[in-house]
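Dear colleague,

Please read the notes with the model open beside them.

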Amino acid sequence: MKPFLVALVLFLAVPAHAETLLINGTIVAPDQVFQNGWLAIEDGKIRSVTPSRPDVKGARELVTKDIVFPGFVDLHNHPLYGIFPRWRPGKTYANRYQWRGDAGYLRAIQNPEGKLVTQHFCDMDTYVELQALMGGTTSILGLFEPADTPKVEPCVAGLARNLDWASGFHGPGVGKERIANVLGVRPNDIRLSPQAMEMVKTGDYDLIAVHLAEGRRDDAESKAEFAQLKALGLLSEKTAVIHGGGLTEANFAELAKTGGAFIWSPRSNFELYGETADVAAAVRQKVRIALAPDWSPTGSMNMLAELNYAKTVSDRDFDRLFSSKYLFEMATVVPARIARIDDKVGSLKPGLFADVFLLRGDASRPYDALVGAKPQDVTLTLVSGVPIYGTDEHLTKLGATGAEKVTVCGETRTAALPLAGLTARLQKALAGESLQLGPLAECRR
Ligand SMILES: [Zn+2]
């Protein structure tokens with residue numbers, strides 16, 4: 001058993017790995033949806049997905065009317081910034097280089113983040129990973145910048161999987177990952193850890209996600225970056241381009257031809273630039289497209305919120321380009337394939353890790369329920385079969401005890417962490433910077 005799971009299990013007093021869990025509900029499997037189906041979990045992995053109850057003796061059983069989804073795979077985030085409230089600059093920019101130098105941004109976000117992360121990293125990480133888990137995310141990329149923090153803090157292990165630091169896929173310990181996150185193609189932004197640098201040099205890696213052409217479609221600086229990516233030798237089937245506002249249809253065609261992928265973050269694009277990438281061109285050129293929230297200051301709090309936003313944008317600006325099911329896949333199996341971890345996570349099928357979340361909603365239309373869901377509709381999140389967050393009722397049924405209550409948009413949920421002391425510490429630290437702690441969830445009517 002992995003050390004982080006041992007720690008979680010001890011805290012929760014859940015013998016999750018010692019016994020089989022059976023979860024009943026509407027199971028969203030890769031090829032079909034099982035109404036009133038069953039998911040069996042054993043040793044942290046999915047043992048079976050079946051239309052009727054499997055014959056397992058002595059299993060812990062959770063019978064629900066909920067919809068059971070695979071946990072989201074978030075390939076683009078800056079999770080630590082989730083401690084800040086939403087940043088509203090009151091204007092839009094031509095590209096990322098403008099707002100990154102904006103005095104208001106430096107004051108409200110960047111300078112305090114740089115300061116707090118050196119002293120409160122573990123508290124910040126726990127708080128923001130809970131935000132992700134509350135929205136169904138079980139794998140996340142982009143925790144911190146390697147050049148700033150070359151030493152991997154052991155506390156990153158646990159809660160959601162950190163795909164670039166502590167995925168749990170490569171045995172115990174941290175820093176063995178085959179996935180890297182790059183801030184951009186300018187010299188200041190290409191900052192990789194020594195391991196990642198070695199990885200790229202030898203070609204022995206699975207994915208590099210690169211911020212690229214982040215700005216308006218007509219912005220010259222953004223438009224120039226695709227050529228810069230190629231000049232760096234970073235355009236390949238192991239590349240995922242993040243944002244891509246300045247990418248033309250010809251660029252998307254070339255990306256598709258090399259087998260590279262695209263990560264779309266519409267909310268952050270609209271809030272910062274007043275528009276988003278030409279995702280219709282990406283679809284026409286058959287680029288593999290994943291959805292991701294970017295970060296909470298200008299993007300979405302988590303994947304569930306970004307799905308909701310993406311559906312609105314798809315319907316309003318792209319003539320209903322994406323169905324609810326397509327969007328679901330852009331948040332689960334597609335990013336898992338892009339990161340070459342689809343044999344581990346991203347769908348509900350036997351042999352994969354039991355990274356799962358449950359959602360309250362119209363089970364006859366599971367994908368529509370998903371893209372229309374509110375934060376309080378998530379009723380349970382499990383990573384490796386360990387219940388980390390959910391309703392008290394569900395957690396109790398799975399034998400979890402000793403956890404902390406949180407209020408989510410008027411409803412009570414339980415989180416498997418000592419949140420009260422942590423929240424108070426973060427509030428105090430932020431007050432020292434004349435700032436407030438951002439919320440765990442953004443409520444919608
Ligand atoms: Zn980003």
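The notes below take up the conventions, then the disulfides, then the zinc site.

This is a predicted model, in which local features need pLDDT of at least 70 and side-chain atom pairs count only at pLDDT 80 or more, whereas totals for chains, interfaces and linings use all residues. Residues are numbered from 1 along each chain as its sequence is written, and side-chain values use heavy atoms, with hydrogens and water left out.

Taking a disulfide as a pair of cysteine sulfur atoms within 2.5 Å, the count comes to two. Counted along the chain, the bonded cysteines follow the pattern 1-2, 3-4.

Helices (H or I, at least four residues) and strands (E, at least two) are DSSP runs here, numbered from the N terminus. The torsion about the S-S bond of C122 and C155 is about -85°, so this disulfide is left-handed. As for accessibility, buried means under 20% relative accessible area, exposed over 50%, and partly exposed in between, with a 1.4 Å probe and protein chains only. On that scale C122 is partly exposed at 32%, and C155 is partly exposed at 28%.

The other disulfide is formed by C409 and C443, whose sulfur atoms are 2.1 Å apart. Here too distant parts of the chain are linked, with C409 in the loop between β16 (404-408) and β17 (411-415) and C443 in the segment after α15 (419-431), 34 residues apart. With a torsion of about -95° about the S-S bond, the disulfide of C409 and C443 is left-handed. C409 counts as partly exposed, at 21% relative accessibility.

The zinc ion is coordinated by H76 (NE2), H78 (NE2), H211 (NE2) and D294 (OD), at 2.0 to 2.7 Å. Donors are N, O and S atoms within 2.8 Å of the metal (3.2 Å for Na, K and Ca), and since water is not among the atoms, sites may look incomplete. In sequence, the donor residues are spaced H-x1-H-x132-H-x82-D. Among them, H76 in the loop between β5 (72-74) and α2 (96-99) and H211 in strand β9 (residues 207-212) are 135 residues apart and link distant parts of the chain. Both H76 and H211 are buried.

With kind regards
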